[in-house]
Structure formats: C-alpha cells, structure tokens
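Trainee: I'd like a close look at one part of this model. Then show me how the rest is put together.

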Amino acid sequence: MKWTDLAAATAAAAIFTTSTTAQELTAERIDAAARETIEAFDIPGMAVSVVRGGDVIFTQTYGVRDVRAPEVPVDENTIFPFASVGKAFTTAALAMLVDEGKLNWDDPVRRFIPEFEMSDPYITEHFSVRDLVTHRSGLPLGAGDLLVFPDADPEVSDILAAIRNIPPETSFRAEYAYDNLMYVIAGEVAARAAGKPWHEVIEDRIFEPLGMESCQALPSEAAADDNTVTQHSRAPGETEATPIDPRYIVGDNTAPAGGLSCSIADLSTWAQFWLNEGVGPDGERLLSQEQVEELWSPVTPQTVSPLLEQLSGTHFSLYALGWSLRDFHGEFFVGHSGGLLGAASYFGLLPDQDLAVFVTSNISTYGSSALALQLLSDAAAPEAESDWLGTLHGAYLASQETAIRDSGSGDEPDVAIDPVRDLEAYAGEYVDPWYGLVTVEIRDGGLFLDMSRSEVLDAPLVAVAPDRFVARWPDRSLNADAFVDFTAEDGQVVGMTMEPVSETTDFSFDFHDLDFTKRD
C-alpha cells in the first residue's frame, strides 16, 4: 500500500479527533490504541500481540472473522494471513539450510535452478541467493506481479519463463525495488536444497519445532481451516466492508512471497523466537547466532519516507534478508509490513528494548501499520509527539479521496469520445514478452479487453482520448483501473501499452511494465 505525501496526510489527520500521540506503553494504552484504530479504519477483525523478552505482555483479539457472521468473533486461535511479513519465514528457512551447509547466501541461483535466466547473461551468471531476497535485481518495482495479481497462481516454471523477458529498469544491485517473484524463486531454491516442497520445509523447520500448531504454509489449507478469517475489502467511497472474491486469495505456488497464515498466539511465539535470537521456547537453538546477524545485516538502501523522518526521527532505512532495518527514535528497528487484497499486517521489533509488536487484520487499510508503529513509538519515545494513528488515518483518507476522484464515479466522471479509428483497427491479439497474450474484441458494439491470465481483469474499453481508452474492472474494490493506449505506424495499430489510472493503485498491478505487440 502507498502512503500519500506528508502534507496531505497531516491535513486529513485533523479528522481523527482522539488523543493518539505517544504515551507510556501499558496494557490499558495498547487496548485503547487498538480500539481507536479499529474505529478509525473501520476494521472488521484484528489481533494484537506485544512481547517483551520471554513474556507476552499483551495479546488481544477484536471484532469478527467475517462481517456476514457477526456472532463469530476472532479468538486467539483464529488464523490470519499476514502477507509479506512471511518473507522472513522464507529467509529463515534458507538461513537454516546455510547453517547445515546445504547452500550459501552468495551461491549462484543457477546452482539450484539451472533453468534460471535473467534478460542479461552477466546478471544470470552472477545472480545469487542473496540477490533473490534483497530487492536489488534491477527489475522494476513489483516486476511481473500481474502474473499473480489479482487472481492467478502461476507455476514456478511460468515465473522463470517470464522473468527472462522482463528488461531491467536499473543496473543490477544498484537500487531497491520491491519484488515478490524473486521470493517465489527463493522458495524454490529452499525446496531444491532441502529436497522437499517449500511448505514442508517451513512446517518441518519452523512450525513444528516452535510449536506453531495453528499455522498454515499453504493459502489453500488456511482457507479451508475451521477458524480462519475472511479477507475483506472496501471499494473507494464505500462504507461497508465486503468479503473479497475467493479467487484473490494468494495461490499455493506463490506462497513463499507472502502466503502464510497463523494465529496471534503462534505469532507471539514467532516474535519470542526473534527476541531470543533464534532459540525456540524449549531452549533449542534453531538458527545460529551468525545467521541471525546475517538476516539482520543491511544490504539494499531504501528511501526514507517523510512520515518516518518526521514521526520517528529516521535517518536511514535499509533492506536486509526479509527484513527492513532503520533507526527509530534513536533505537535499532527491525520489521516488515504486509498487505494483500483483503488483509494487512505489521511486525516490528526493537531488539535493544527486547520488544516486539505484531498486528494483523482482515481488511486492506493502513490500520495495522498505524497501530504497530504507534505502539513502537510509545515504547521507544513516550515523550515524543508521534501521532502515527492520526497521521496514517489522514493518509488513508487522502488516498481514498484520490481513489474516488480517479474511479470515474466521483466529481470527474469519464467523458467518452468517439474512437478515432474503426473498432476493427484495434481488435485482435496482443502479446507482451513476459505477460503473454491478451485480446481486444468487439462486443455489443464496443471494444472489450480480456487480460487472459486473469478471470476478473476483463472490461469494456471506453475511448477517452485519441487512441486512449480506459478499462474499468467490474470489481470496484480492486482500485486498479487502467488506461489502454494503442500505438500506430503508417495508419495501422501495431501495439498497446497500459498504465494505472490512479496513483493509489497498488504497485502489484504493474500495467505500466507491459508492452504489447499486435499479432498479424
């Protein structure tokens, strides 16, 4: 999820009227902040854990698993998907394999996946396991995510076939650009090095020894659990939360990038594991001290957002191996956010204070991040005026206003024009090197776009400018409408590009990376 600029967030934060600035971290304070968050962001269900050292000093669940069953509350054993916070499970499993001598972080990926190939032979040869998990591939932000989002579950072979056709945006290892597909490949490395499927690696090496009995590594198994949340969304401008289309649940094949689910009770155990630096609840060391330090060692510089700079005095932010690192009110901070269609989470640790906070919810808002960062600020600097709840609520409201404006249903509706060419000129099959085939057809007297890999990204095309059309997807909760621009040479349509209509669209809808050529 994107945070809007600081000025917009600060202006909108005035709507949030409760007292939310940093205070002493007590059970009463945590509960009050959680309830404020739920009310402000209108969250159906949420779970919170605060751990200090070996003790869970606070754990509480709120709300309901599914808005259609208000009589069924969330409890401490209800499992939540926690999205990209799960990347640390994949890197922890890899670190355990490093401890066993089955791989090294700087091994070439091709040692384990000979068919791995990037667009450049040099990058292919030198691409390491470490590169897979540190977002420095040189590919664009969210590169290839449309293979997965919103409703596809490609095989690993499909992903490997695609990435060799995605051109880099920056030099290899030069810049940070978040990349989910590389984590899918990292999971495949773990599977091949261990000689078993990725989900069994996670279950055998993490869930079972830590006693995390509620956890599911595969989204399909989590969805079938008797005590699991329903993921919810809210279309821009809508007040009611509604269950997401089940097809949007992360596919099993792409789970290493963020498809795990656990209860808050077991996530408390996961937090204790990290505060105890790789030692489980029975005293068994599962991860060497050397590998804990490796996982928390900085690799790729990240841009510091204005919100972090103002509200936590952050000067630097770097990505390690499945974790973000930064200074936070002068404290060393380790953490990660997670966002899916219909769910959001945040896990943050202040290791020098022996403190961890985990928040997870069953709707896509900034609420989980806002609460976790507020509680971490309470712990790190109770005297500070760090109003994370108010500011991120303001950012959320500002982003909603922008999304409504861009949706075509606000004060600026689409103004349709007559296409500048006959519809037959646009109709046909179009191929992108990594995404594959899409079709533009004539239906009911107009153009219709079928994105082929997705069952839900199908929509009529409305002409809004010469050779420019807009696709408004039927599911308005996606907030991912796209402009479709056709290119012509010598009067003939020869290609097509796309881009999101709204700046609030999640980066995983990477339409802007597509470059289609029309088939003859």
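Trainee: In which sense do strand 13 and strand 14 pair, and over how many bridges?

Mentor: They pair in the antiparallel sense, over five bridges. Strand 13 covers residues 428–432 and strand 14 covers residues 436–443. Here strands (E, at least two residues) and helices (H or I, at least four) are DSSP runs numbered from the N terminus. Two strands pair if DSSP finds at least two bridges between them.

Some ground rules. This is a predicted model, in which local features need pLDDT of at least 70, side-chain atom pairs need pLDDT 80 or more, and totals for chains, interfaces and linings use all residues. Residues are numbered from 1 along each chain as its sequence is written, and side-chain values use heavy atoms, without hydrogens or water.

Back to the strands. Strand 13 and strand 14 make a hairpin with three residues between them. D432 faces G436 of strand 14 across the pairing. Strand 14 also runs antiparallel to strand 15 (residues 446–450), again with five bridges. There I442 stands opposite L447.

Arginines sit over rings here. The cut-off puts CZ of Arg or NZ of Lys within 6 Å of the ring centre and within 35 degrees of the ring normal. R443 lies over the face of F448, 3.8 Å from the ring centre. R453 covers the face of Y435 at 5.6 Å.

Now the aromatic pairs. The structure holds 27 of them. Rings of Phe, Tyr and Trp (its six-membered ring) pair with centres within 6.5 Å; planes under 30 degrees apart are stacked, over 60 edge-to-face, the rest tilted. Y176 and Y319 form a tilted pair, 5.9 Å centre to centre with 45° between the planes. That pair links distant parts of the chain, 143 residues apart. Y176 is in the loop between helix 6 (156–163) and helix 7, and Y319 is in strand 8 (residues 317–319). Buried means under 20% relative accessible area, exposed over 50%, partly exposed in between (1.4 Å probe, protein chains only). Y176 is at 27%, so it counts as partly exposed. Y319 is at 0%, so it is buried.

Y426 lies in helix 15 (residues 423–426) and F486 in strand 18 (residues 482–489), so parts 60 residues apart in sequence are tied together. Both residues are buried.

One aromatic cluster includes F82, F89, F207, W270 and W296. Helix 8 (residues 198–210) has 13 residues and reaches 17 Å from first to last C-alpha. That is close to the 18 Å expected at 1.5 Å a residue, counting one less than the number of residues. Helix 8 bends by about 30° at D204, the angle between axes fitted to the seven residues ending there and the seven starting there. Just after helix 8, G211 takes a positive phi of about 70°.
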